[in-house]
Structures are given as C-alpha cells and as structure tokens.
There are 2 protein chains.
Amino acid sequence: MTPEELLVRAPDSHWRTVQPDLLLDVALTTGHVLIELACAFAPVSVARLQTLVRERQFDGAPIARVQDNHVAQWGDLAAREPGLPPEFVRTIDTHATFVSMPDPDTYAPATGFIDGFPVARDAGTGEEWLVHCYGMVGVGRSTDIHSGTGAVLYTVIGQAPRHLDRNATLVGRVVAGMPHLSTLPRGHGPLGFYCEGQSPPVIRSIRLAIDLPAGERASIQVLRTQSPTFRTWLEARRTRTDPWFCVTGGRLDVCSVSIPQREGSRWMAPVST
Amino acid sequence: MTPEELLVRAPDSHWRTVQPDLLLDVALTTGHVLIELACAFAPVSVARLQTLVRERQFDGAPIARVQDNHVAQWGDLAAREPGLPPEFVRTIDTHATFVSMPDPDTYAPATGFIDGFPVARDAGTGEEWLVHCYGMVGVGRSTDIHSGTGAVLYTVIGQAPRHLDRNATLVGRVVAGMPHLSTLPRGHGPLGFYCEGQSPPVIRSIRLAIDLPAGERASIQVLRTQSPTFRTWLEARRTRTDPWFCVTGGRLDVCSVSIPQREGSRWMAPVST
C-alpha cells in the first residue's frame with residue numbers, strides 16, 4: 001500500500017482534532033498560519049503565549065527578521081513581560097508514547113515523535129526535548145536564558161537548525177500555511193533583520209481558534225503519531241517502493257517527516273505544509 | 001577566535017575564485033542566482049548544461065513548480081534532447097581531498113566536503129556522491145534513470161531531501177542569490193506545480209559568466225574546503241563558544257554547513273546565501 005493509501009484507509013480514531021485552545025491562528029496579509037501549541041513540553045511558556053494573544057499583544061506587530069534558510073521572527077523586542085523559565089528540556093515522560101526513529105541521528109542519542117511533535121531523547125541524562133525541525137516555533141531570547149518573554153517568536157523556515165536544540169523553548173509547530181512564512185522577503189541586514197528601505201510585513205492578528213466565531217474557526221486534524229497507521233506510514237516513507245527510486249536508502253531523519261494532517265476549514269489557503 | 005575572525009584572517013591562498021566557465025548566472029526578474037557547476041562529479045551533465053545555456057534554451061523558460069520545503073524546478077519538460085547517462089555516484093576519487101565530518105550521518109556511512117561540495121561516501125561500495133543539501137542543483141528526470149536531459153533543473157529550497165541522494169544527478173550548488181528561489185510563490189498543484197490562475201515566474205536568461213561582458217560578469221570566491229582555515233572554521237562552527245549557547249552539542253550535519261564565500265561583484269543583490 002502506498003503511504004497515501006494508508007492515510008485514506010486510516011480509521012477516524014487514528015486522527016485527532018487539534019484542540020482549539022491550543023491552535024494559534026496567525027493572520028498575515030497573505031493568509032493564515034496555524035500553529036499547534038506544545039503545552040506538554042512548555043506549559044509555562046504556552047500559558048504566557050495564550051495570555052499575550054488574548055491581550056492582542058501581537059496584533060499589528062512587524063516581522064522583525066527573516067533569515068534565509070533559517071528563521072522568520074516577529075513580535076515586540078522591547079516587551080517588558082517578566083522573563084520565562086527555560087523550558088528547553090523536560091524529564092523523560094515515561095507515560096508518553098515515544099515512536100522512535102530507527103536510524104542514527106547526528107545530534108541526539110535517539111529521536112522520534114510524541115503526540116505529533118518531533119522529539120529527541122537522551123536516556124543517559126533522562127531528558128527529552130522538542131527538536132528544531134522545519135515549521136517549529138520557538139521563543140526568542142537574548143544571551144540570558146531567562147530573557148525570553150514570549151513576546152518574540154520565531155519559526156524555522158530552512159534546514160533544521162539542530163544546534164538550537166536545548167538552547168531555546170519550543171512552543172509549537174506550524175500545522176498549516178507554512179508558505180506564508182517561508183516566502184516572506186528576506187531581510188537585508190545581519191541575521192536577516194529588515195533594513196531601512198524594506199517595509200517589514202506585519203502580523204494582522206493572532207488569535208486562539210477557540211476565541212474565534214465558529215464560522216471563522218479553523219479546524220485541523222493531525223494523524224496520531226502513536227497510532228498504528230502512523231507507524232506503518234513512517235516505515236513506508238522510510239523504505240519507499242515508488243519505482244522512481246533506484247536506491248532506497250531505508251533511512252529517514254526525524255526532520256524529514258511531515259506529519260500527515262487533514263483540513264476542515266473552508267477559508268484556509270490552498271497551499272499547506 | 002570566532003568563525004568570522006578566522007575568515008577575515010584567512011590568507012588569499014585559502015580562497016579560490018569560481019571558474020567563470022563553471023559559473024551559471026541565472027537572471028530572474030528579482031535578481032541573479034549564481035550556481036557553481038560540479039564538473040568533477042557530473043562531467044557529461046555539466047557539459048550538456050553548458051551547451052544548453054549557450055544555445056539559450058533556458059531563456060524565457062517558466063518556473064514549473066515550487067514545492068514548499070522541497071524544490072524549485074524550471075525548464076522545458078518537453079525537451080527532446082537525448083537522455084543523459086545517470087551520474088548519481090562516482091568511484092571514490094582517492095586523489096581528491098575529502099574533509100570528513102566527524103559526526104554520524106543518518107543516511108550515509110561518511111559525509112564531508114570535496115572542493116566546495118557536500119559529499120557522502122561509502123567505503124564498502126567504493127562510491128561517493130554529492131548530497132542534496134539546501135541550494136544543491138539537480139537534473140530533473142522521470143522514472144527512467146536515463147530520462148534526464150539537462151533541460152529541467154531543480155534546486156533544493158528546504159530541509160535536505162537526502163532520500164534523493166544517488167537517485168538523481170546533482171550538477172551544482174547555488175553560491176549566491178538563493179533567496180530569489182526560496183521566496184518564489186509556491187505552486188498550488190500537487191508537487192507544487194503552478195496551477196491555472198497562478199502566473200509562473202520566468203527565467204529571464206541563463207548565461208555562463210565567461211560569456212558575459214567583463215562589466216556584467218559576477219565573480220565569487222569560495223573558501224577552499226581543503227584549506228586549514230576551512231577545517232578550523234568547521235570545528236568552530238561545530239563546537240560554538242558563543243555565550244548565547246548553554247548546550248553546545250559539538251555536533252554538525254553536513255547540510256548545516258554554509259561554505260564561506262565572498263563576493264566580488266558590484267551588481268549582486270544585497271541578499272546572499
């Protein structure tokens with residue numbers, strides 16, 4: 001069975017709808033970006049983010065920098081919110097279902113997925129952490145590890161910057177609309193900051209889906225990564241039997257996996273991740 | 001010494017100027033993309049490409065597809081050129097200086113750099129091959145491995161699609177202007193093909209730098225990957241002593257390395273890779 005057929009045949013119980021209180025709807029002038037918040041990995045930072053969103057702190061905020069093959073970053077660099085505790089790693093959650101990747105990883109002893117998020121693990125230290133794959137969303141900070149406020153966010157728009165793993169708090173993952181971020185004009189300054197003469201794009205608004213009227217509320221379903229369908233699908237992606245391939249390496253990197261999802265919203269942009 | 005200081009102090013002999021007969025200048029409406037051709041890895045395909053460019057076969061060609069986090073592809077899908085031999089791998093060149101990456105790679109027994117290109121190696125089979133990192137340029141083909149003509153090219157614009165390694169001929173690497181490709185509008189069709197109602201961007205022209213008048217000829221220097229400076233720089237990138245990092249993994253993936261380069265052209269776009 002092809003990976004696509006596996007998804008079509010997956011029973012509804014193998015899919016879950018992203019909770020609307022954990023779904024951020026970022027409205028740009030070009031369309032909507034949807035972010036699922038990772039409350040199990042970064043509870044304090046996610047709660048802060050929900051508060052900031054409800055206070056409409058991001059509405060009208062400029063995109064501050066877009067660095068090619070790296071990140072897009074937005075928000076208020078001068079925010080006076082108190083610093084957040086670093087939620088860079090957590091103790092391995094033995095109750096969570098960790099679907100592990102069978103191949104070696106350059107950066108961590110083990111990688112895999114927990115509840116729809118890419119994760120790395122080190123049994124030696126007893127820690128696990130979200131990894132910086134394409135579309136992951138993190139809290140910007142300066143040198144002090146307590147300096148992140150939640151008012152500045154970044155999204156990975158290129159090759160996974162895995163050296164950032166365990167150095168920043170990841171708070172979520174883009175589940176739709178990634179091209180609205182990945183095609184933003186790159187800033188001409190160092191680190192991709194916009195320079196004089198470049199008009200920075202602006203965030204129209206960020207809302208929690210649950211706070212939107214029913215008719216405007218996005219709905220998205222993600223394949224449960226602990227489901228048998230996901231495990232079979234992952235192995236099919238890894239071993240590829242498509243006749244186009246003459247060499248099927250039978251290898252797969254955690255950041256080369258686009259977790260299957262399906263959309264249930266009429267207004268969403270036709271292009272999705 | 002920081003990685004930046006290392007580069008500033010590198011003697012001129014550690015840099016090389018890309019040969020103008022191996023430098024493709026791709027003019028888009030937004031600016032120029034420069035590609036260094038990998039003649040040592042794909043001599044037949046590179047020679048074909050040079051011929052097609054001199055015949056001006058790409059001038060006015062539409063961008064056919066742009067798939068988010070994957071590739072941008074252009075050229076004449078109906079070209080009647082004879083099929084090229086697959087140059088997917090080559091026998092390990094024992095005369096070439098292979099600067100190996102010290103960390104494990106998910107996809108290959110060994111990775112590193114040869115003459116400014118990312119390479120994977122398998123001592124068991126005696127083969128080595130260019131790898132699909134961000135900015136690598138390949139020859140599009142259909143299922144038949146001899147079906148690539150050189151008239152259709154693609155560039156990686158997202159997470160390295162390493163499953164394509166050894167399945168397609170890579171012919172070069174973008175050395176400047178990557179944002180002109182990475183910010184192209186994504187196509188709304190399957191595989192990112194442009195649909196009706198989307199106006200595909202167009203390649204104005206592709207020229208070999210050597211064929212351009214001196215005043216319009218781009219010039220770019222790449223740090224020699226066999227130089228002591230590159231090796232020291234690579235290790236500095238791997239172990240990062242910047243105080244921002246609280247965890248320095250001391251790990252580095254071959255596709256997370258942006259080979260240092262410097263520009264010598266007045267007209268080049270201010271944004272580079």
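The model is predicted. Chain B superposes on chain A by a rotation of 180° with 0.0 Å of shift along the axis, at an RMSD of 0.0 Å. That is the relation of a two-fold axis. Within chain A, strand β9 (residues 117–122) is largely enclosed by the rest of the structure, because six of its six residues are buried.

**Interface of chain A and chain B**

- Two copies of a chain are related by a rotation about an axis and a shift along it; here the rotation is 180° and the shift 0.0 Å.
- The same surface serves both copies, as 100% of the contact residues of chain B recur in chain A.
- On each side of the interface, 42 residues are in contact with the other chain.
- About 3,800 Å² is buried between chain B and chain A, and 54% of that area lies on carbon and sulfur atoms.
- The residues of chain B that lose the most area to chain A are T106(B), Q159(B) and W244(B), which together account for 20% of what that side buries.
- Polar contacts link 22 residue pairs between chain B and chain A, counting pairs with both residues at pLDDT 80 or more.
- Zero salt bridges are found across this interface by the rule applied.

**Strand β9 of chain A**

- In a regular strand the side chains alternate between the two faces of the sheet.
- In β9(A), F117(A), V119(A) and R121(A) point one way, while P118(A), A120(A) and D122(A) point the other way.
- The residues of both sets are all buried, with R121(A) and D122(A) among them.

**Strands that pair with β9(A)**

- Strand β8 (residues 110–114) of chain A pairs with β9(A) in the antiparallel sense over five bridges.
- Within this pairing, A120(A) is the bridge partner of T111(A).
- The hairpin of β8(A) and β9(A) has two residues between the strands, and D115(A) in the turn has a positive phi of about 45°.
- Strand β10 (residues 127–130) of chain A runs antiparallel to β9(A) and is joined to it by four bridges.
- L130(A) in β10(A) stands opposite V119(A).
- Four residues lie between β9(A) and β10(A) in their hairpin, where G126(A) in the turn has a positive phi of about 75°.

**H70(A)**

- H70(A) is located in the loop between β4 (63–66) and β5 (71–75) of chain A.
- H70(A) counts as buried because its relative accessibility is 16%, against a cut-off of under 20%.
- Leaving aside residues up to four places away in sequence, H70(A) touches R65(A), T155(A), V156(A), I157(A), G158(A), P161(A) and L164(A).

Conventions:
Residues are numbered from 1 along each chain as its sequence is written. Chains are lettered from A and ligands numbered from 1 in the order in which they are written. This is a predicted model: local features need pLDDT of at least 70, side-chain atom pairs count only at pLDDT 80 or more; totals for chains, interfaces and linings use all residues. Side-chain values use heavy atoms; hydrogens and water are left out. Copies are superposed by least squares on the C-alpha atoms of residues with pLDDT of at least 70 in both. Contact means heavy atoms within 4.5 Å. Buried means under 20% relative accessible area, exposed over 50%, partly exposed in between (1.4 Å probe, protein chains only). Two strands pair if DSSP finds at least two bridges between them. Buried area is the accessible area (1.4 Å probe) that two parts lose on being put together, summed over both. A salt bridge is a side-chain nitrogen of Lys or Arg within 4 Å of a carboxyl oxygen of Asp or Glu. A polar contact is a pair of N or O atoms within 3.5 Å; within protein, one must be able to donate a hydrogen and the other to accept it, and residues adjacent in sequence count only if both atoms are side-chain atoms.
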